[in-house]
Amino acid sequence: MGSYKDDAAQKTASGSVNQDSAEHTADSSAPENILPKDIPAALPILPVRDVVVFNYMMLPLLVGRESSVQAVDAALNANRYMLVIAQKNEQDENPSPDNLYRIGTVVAVMRILKMPDGRIKLLVQGITRARALSINSDKPYMEAEVELLPEPDKHPRGLKVEAMLRVAREQSEKILSLRGLNNPDVGAALGNIGHPGRLADIIAANLHLKVEGAQDILECLDPVARLSLVNKYLAKEAALTSMQAHIQESAREGMDKAQREYFLREQMKALRKELGEPGFDANDTDELSEALDKAGLPDEVRKEADKQLRRLAAMHGDSAEYSVLRTYLEWIADIPWKKVSADTLNIKKAEKILNDDHYGLDKIKERILEYLAVRKLNPVSKGPILCFVGPPGVGKTSLGRSIARAMGRKFYRMSLGGMRDEAEIRGHRRTYVGAMPGRIIQAMKQVGTRNPVIMLDEVDKIGADFRGDPSSALLEVLDPEQNFSFSDHYLNVPYDLSKVMFICTANSLDTVPGALRDRMEVISLPGYTMQEKVVIAKKYLVRRQAVENGLEVKDVKIADTVLQTIAREYTREAGLRNLEREIGAVNRKLARKKAEGIKPPFKVDEKLAHELLGAPRFLDEELDKQLLPGVALGLAWTPAGGEILHIEVSTMPGKGELTLTGQLGEVMKESARAAVSYARSHAKELGIDAKFHEKKDIHIHVPAGATPKDGPSAGVTLAAALISALSNKAVASDICMTGEITLRGNVLPVGGIKEKILAAVARGIKHVIIPRQNSKDLEDIPAELLEQITVHTASKLGDVLALAFAG
């Protein structure tokens with residue numbers, strides 16, 4: 001319940017003790033300890049959110065909750081008494097008995113007014129404290145068995161009590177005086193109250209206390225202790241009020257100083273004008289107006305710019321807002337509103353540029369040429385939103401530069417990795433100190449044209465926190481149906497982004513929100529075959545690294561077989577970064593030889609390569625010539641490309657316990673359990689003991705235990721390794737497999753087929769088993785890659801086992 005929102009007191013905000021408050025009033029002539037005799041033992045409860053009601057106080061309450069309305073009706077139909085109790089949690093819309101304090105105040109309903117919206121406005125008066133012995137919530141409203149807690153008939157007297165009373169009155173009057181609300185009537189009213197408990201209640205009702213503090217005072221039944229507690233709060237409030245008055249006085253002095261300085265500057269300005277000194281007019285806006293004329297602003301934007309220009313002309317040059325407004329107008333003038341780059345619409349020329357810069361990547365090149373063809377036939381077509389997805393090092397970012405060069409456009413790269421603030425995209429509102437446009441508008445200003453190629457790098461690594469979600473802000477940027485009127489918070493005028501070609505990059509789509517993914521045309525870059533790596537290294541990497549390390553291109557000669565050896569034995573990746581790093585290491589060592597006086601050219605053979613790079617990091621002997629029973633080779637997809645997965649199963653005498661190790665995820669654990677269930681249900685046809693689950697413990701382990709692993713792709717491999725261990729038959733060592741299994745033995749399709757086959761070929765595997773429904777994915781795999789491996793398809797686990805045990 002908030003104030004005048006739901007079951008709350010309408011409180012004033014004037015002073016700690018408010019002399020004008022109609023809400024908190026008390027009848028000083030009323031008998032102190034005489035209670036009405038008609039207060040029943042059971043009372044309806046009215047929960048309140050942000051107020052604690054004290055004895056003798058009259059205040060209005062606004063009731064809106066249905067249960068509270070029912071409680072009021074019950075009180076009106078009886079004797080107009082209710083128990084008002086504060087909630088412990090103000091946010092709870094339907095408080096339970098456990099969320100209510102146990103001590104509240106019995107109130108009498110004095111007046112009632114029903115509002116047009118169904119709510120009820122009450123005027124209540126506090127009668128006495130009461131404890132809720134039990135709370136019944138069976139009715140539409142809560143009802144409590146109450147124990148009345150009246151004030152003691154006699155209150156203590158003496159010097160100490162009199163001193164406490166005097167301190168409370170003086171502190172209250174001091175607070176009112178600091179707030180400029182000094183009123184002799186208030187002092188007189190407080191002076192007429194000699195009961196410490198009653199004075200404490202009256203002061204507490206007008207203090208700005210939180211519910212917890214007010215409830216502590218309400219629950220303090222001893223009058224002297226209660227007054228002592230109120231005095232502590234009064235001392236704190238007096239200190240705060242004194243500090244507040246000091247701050248206000250300092251602010252007033254600062255304003256007087258600013259006004260004096262303004263007056264002096266105006267005098268100086270008039271003196272310079274009389275003396276004819278230049279620069280006296282700080283509001284000269286001719287230059288800005290000329291820049292806005294040249295910018296070619298749309299009508300709506302020009303209207304806003306002229307409005308702000310008139311405001312600027314009316315301001316003093318030393319005004320704080322002057323520099324803010326001038327910077328805003330400079331941004332408006334500097335952003336490209338009509339300037340565009342002329343697209344290179346010669347398809348053959350663009351194709352040649354793309355082929356010169358990148359080897360392979362036929363699908364992406366074809367898509368760019370299609371866009372240029374459409375632009376040639378339809379010049380007003382909108383820019384596409386492409387998303388390149390692939391492991392690190394496959395050339396996603398460099399491809400964006402080549403696309404811009406092929407199209408004859410400006411290129412801008414924006415890294416989104418780790419971005420958490422929505423204002424990075426949409427900009428800050430000009431009311432903030434240091435406000436500036438978002439990075440999209442900054443990019444447009446930097447390139448200077450309306451139709452650049454903007455690469456949004458690492459779109460899968462955008463974060464989100466209390467400052468907003470940048471990926472949600474990108475929804476407008478990357479939607480061709482909306483970005484023609486993109487609204488930056490700083491500019492606060494629409495800006496057309498429809499001519500921009502946006503290219504996003506990501507290592508994985510798993511962390512990209514679905515709504516954002518839906519706005520992009522996804523193109524996959526799974527990785528390079530060994531042949532592609534050798535060609536790219538020979539054509540680009542060796543030349544580039546030779547020049548970067550101070551050599552001439554003719555100084556270094558590396559044979560194709562050596563490049564293949566470096567890629568196979570010193571790197572294990574889908575991309576080319578580590579390969580280029582190793583080639584760079586070779587060139588650095590050759591550069592040292594040249595610097596020491598050895599004359600080039602240097603011919604690098606396998607022996608020299610091993611000498612320069614050291615012992616191989618990855619060796620193919622990891623693949624055994626013959627696998628032991630219980631071992632099978634699977635294929636896995638990672639953001640860095642495909643991987644060979646070893647799965648080991650051991651059985652031992654036991655009671656059927658299943659142990660899974662190797663940091664397996666939940667999906668992989670479920671696949672292992674499904675494999676065990678399949679083996680049990682098909683034990684007879686598989687030739688294994690039907691009661692193996694009663695006699696043997698099974699341990700399934702996936703090596704590289706420090707690396708988390710998950711996904712359904714290992715289902716068939718887990719089943720093959722398990723059945724191999726139970727039947728004591730070895731799986732062929734030159735075959736690997738991937739696919740999800742069901743309890744019925746069906747093999748379901750999985751993703752990353754190209755990456756997995758690339759990994760299998762790189763490791764020398766001769767056969768691979770994939771789900772039959774993944775046959776369509778073979779179209780994306782180069783023919784020379786398929787010539788090096790035999791691909792088998794299977795729709796049933798029985799087909800997989802037949803191929804796995806055939807060797």
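Student: Is D356 buried, partly exposed or exposed, and what is its relative accessible area?

Tutor: A word on the model comes before the details. This is a predicted model, in which local features need pLDDT of at least 70 and side-chain atom pairs count only at pLDDT 80 or more, while totals for chains, interfaces and linings use all residues. Residues are numbered from 1 along each chain as its sequence is written, and side-chain values use heavy atoms, with hydrogens and water left out.

D356 is partly exposed, with a relative accessible area of 38%; here buried means under 20% relative accessible area, exposed means over 50%, and partly exposed lies in between, using a 1.4 Å probe and protein chains only. D356 forms a salt bridge with K352, and the closest N and O atoms of the two are 3.0 Å apart, where a salt bridge is a side-chain nitrogen of Lys or Arg within 4 Å of a carboxyl oxygen of Asp or Glu. Because D356 and K352 are 4 residues apart in helix α10 (residues 347-357), about one helical turn separates them; helices (H or I, at least four residues) and strands (E, at least two) are DSSP runs, numbered from the N terminus.

Other pairs join parts of the chain that are further along in the numbering. R519 forms a salt bridge with D479, with the closest N and O atoms 3.5 Å apart. R519 lies in the loop between α16 (514-518) and β14 (521-524), and D479 in the loop between α15 (470-477) and β11 (486-487), so this pair ties together parts that are 40 residues apart in sequence. R519 is partly exposed at 24% relative accessible area, whereas D479 is buried at 12%.

E580 forms a salt bridge with R544, with 3.0 Å between the closest N and O atoms. This pair links distant parts of the chain, since E580 sits in helix α19 (residues 577-595) and R544 in helix α17 (residues 530-548), 36 residues apart. E580 counts as buried at 18% relative accessibility, while R544, at 40%, counts as partly exposed.

Salt bridges also form a network that links R129, E151, D201 and R226. D201 is one of the buried residues of α4, a helix (residues 196-206) that is mostly covered, with 11 of its 11 residues buried. By the salt-bridge rule, the count comes to 32.
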